[in-house]
Amino acid sequence: MNQYEVNFIVDPVLSGDEIKSTAQTYVDMVSSNGGEIVHVDEMGLRQLAYPLKRRTTGIYYCIEYKVPNGEMINKMELAFRRDERIMRFLTVRLDKFGVKYNDDKRNGLIGKKKSKKDKEEIKSGAKEVAKAAVKPIVKAKAAKAAVAAAPTAVSEEE
Amino acid sequence: MASRDDIKFLSNPNIGSQRRKYCRFRKYGIRYIDYKDPDFLLQFINEQGKILPRRITGNSLKFQRKIATAVKRARHLAMLPYVADLLK
């Protein structure tokens with residue numbers, strides 16, 4: 001069973017129901033052809049980097065699925081090409097690292113600008129680290145205030 | 001005979017042996033590059049949207065090729081531009 005990912009961009013001009021039904025037709029096509037849907041991700045309205053069909057935004061969808069054989073993919077692509085509401089599509093086969101990456105991403109183990117080791121440790125330790133970081137700053141501020149207060153007290157005495 | 005302190009060079013003889021370049025993917029054990037993440041891929045393209053060469057980014061050949069395919073897929077999906085200016 002190979003795992004595939006198909007991204008497609010739906011025309012934003014349509015009404016919300018039409019957009020959802022468009023995406024649903026393709027989800028149903030996958031499951032009716034013997035595929036197992038792993039995840040459907042609606043990435044929502046996004047700004048396009050360059051105009052497509054004279055539109056500057058689009059609704060992005062990503063469907064991850066598993067199929068035992070790949071005949072269905074050709075049919076899906078043909079349907080994408082014929083459908084006027086789909087602006088772009090891209091089918092990608094995921095290797096084992098891609099599968100693992102997507103699973104980790106769904107479980108929240110992939111964060112920004114953190115080392116990739118021990119994500120769970122980071123997640124549980126993050127709150128403690130944040131608290132510890134706040135305390136020294138507060139202490140530093142208090143120390144500065146004390147230092148600022150001392151000379152003024154000295155000058156008043158004089 | 002001039003002592004070592006008297007010898008001055010026009011350019012520092014130690015220049016060039018400063019930073020060890022490394023491939024960040026090999027170092028941190030990253031095995032997959034997601035083409036759906038344009039913020040991450042921005043590190044590997046210049047302000048005109050062109051893919052940066054390996055000697056600038058320090059990537060190994062294997063990951064430079066993966067980055068290139070990821071950028072090209074992102075461009076197809078209109079997440080990154082083909083041509084731009086002042087991208088960053």
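Reply: **The core and its surroundings**

Of the 88 residues of chain B, 20% count as buried, a residue being buried if 20 or more other C-beta atoms lie within 10 Å of its own, exposed if 12 or fewer, and partly exposed in between, with C-beta atoms placed from the backbone. In chain A, buried residues account for 13% of 158. The model is a predicted one, in which local features need pLDDT of at least 70 and side-chain atom pairs count only at pLDDT 80 or more, while totals for chains, interfaces and linings use all residues. Residues are numbered from 1 along each chain as its sequence is written, and chains are lettered from A and ligands numbered from 1 in the order in which they are written.

The mean pLDDT (the predictor's confidence in each residue, from 0 to 100) of chain A is 80, and 70% of its residues reach 70 or more. Over residues 113-130 of chain A, pLDDT stays under 50, and the model has 8 contacts beyond four places in sequence for that stretch; a contact requires that the C-beta atoms of two residues, placed from the backbone, lie within 7 Å.

The largest nonpolar core has 29 residues, and the members that touch the most others are A:Ile9, B:Leu41, B:Ala70, B:Val71 and B:Ala74. Such a core is a set of buried Ala, Val, Leu, Ile, Met, Phe, Trp, Tyr and Cys residues joined through C-beta atoms within 7 Å. Two or more residues of this core come from each of β1, α1 (16-32), β3 and β4 of chain A and from α4 (61-76) of chain B. Helices (H or I, at least four residues) and strands (E, at least two) are DSSP runs, numbered from the N terminus. In soluble globular proteins, nonpolar side chains tend to be buried together.

Beyond its neighbours within four places in sequence, A:Ile9 contacts A:Gly58, A:Ile59, A:Tyr60, A:Ile86, A:Met87, A:Arg88 and B:Ala78. B:Ala78 counts as buried because it has 24 C-beta neighbours inside 10 Å. Its phi is positive, about 60°, although B:Ala78 is not a glycine. Most residues other than glycine have a negative phi, and most peptide bonds are trans.

The strands of chain A come next. Chain A contains 4 helices and 4 strands, in the order β-α-β-β-α-β-α-α. Strands pair if DSSP finds at least two bridges between them. β1(A) pairs with β3 (residues 55-67) of chain A in the antiparallel sense over 9 bridges, and within β3(A) the bridge partner of A:Asn7 is A:Cys62. β2(A) and β3(A) also run antiparallel, joined by 11 bridges; A:His39 stands opposite A:Glu64 in β3(A). The hairpin of β2(A) and β3(A) has 2 residues between the strands, and A:Lys53 there takes a positive phi near 50°. A:Lys53 counts as exposed because it has 12 C-beta neighbours inside 10 Å.

Where the chains meet, 13 residues of chain A are in contact with 14 residues of chain B. On the chain A side, β1 (2-10), β2 (36-52), β4 (86-94) and α3 (96-106) each supply at least two residues. β2(A) gives the largest share, 4 residues.

Chain B itself has 4 helices and 0 strands. Its radius of gyration is 19 Å, well over the 12 Å that the globule rule gives for 88 residues, so chain B is more spread out than a compact globule. That radius is taken over C-alpha atoms, and the rule is 2.2 Å times the number of residues to the power 0.38. Along the principal axes, the C-alpha atoms of chain B fill a box of roughly 70 × 30 × 15 Å. B:Asp5, in the segment before α1 (24-28) of chain B, is 57 Å from the core member B:Ala74, C-alpha to C-alpha, and 69 residues away in sequence. B:Asp5 counts as exposed because it has 6 C-beta neighbours inside 10 Å.
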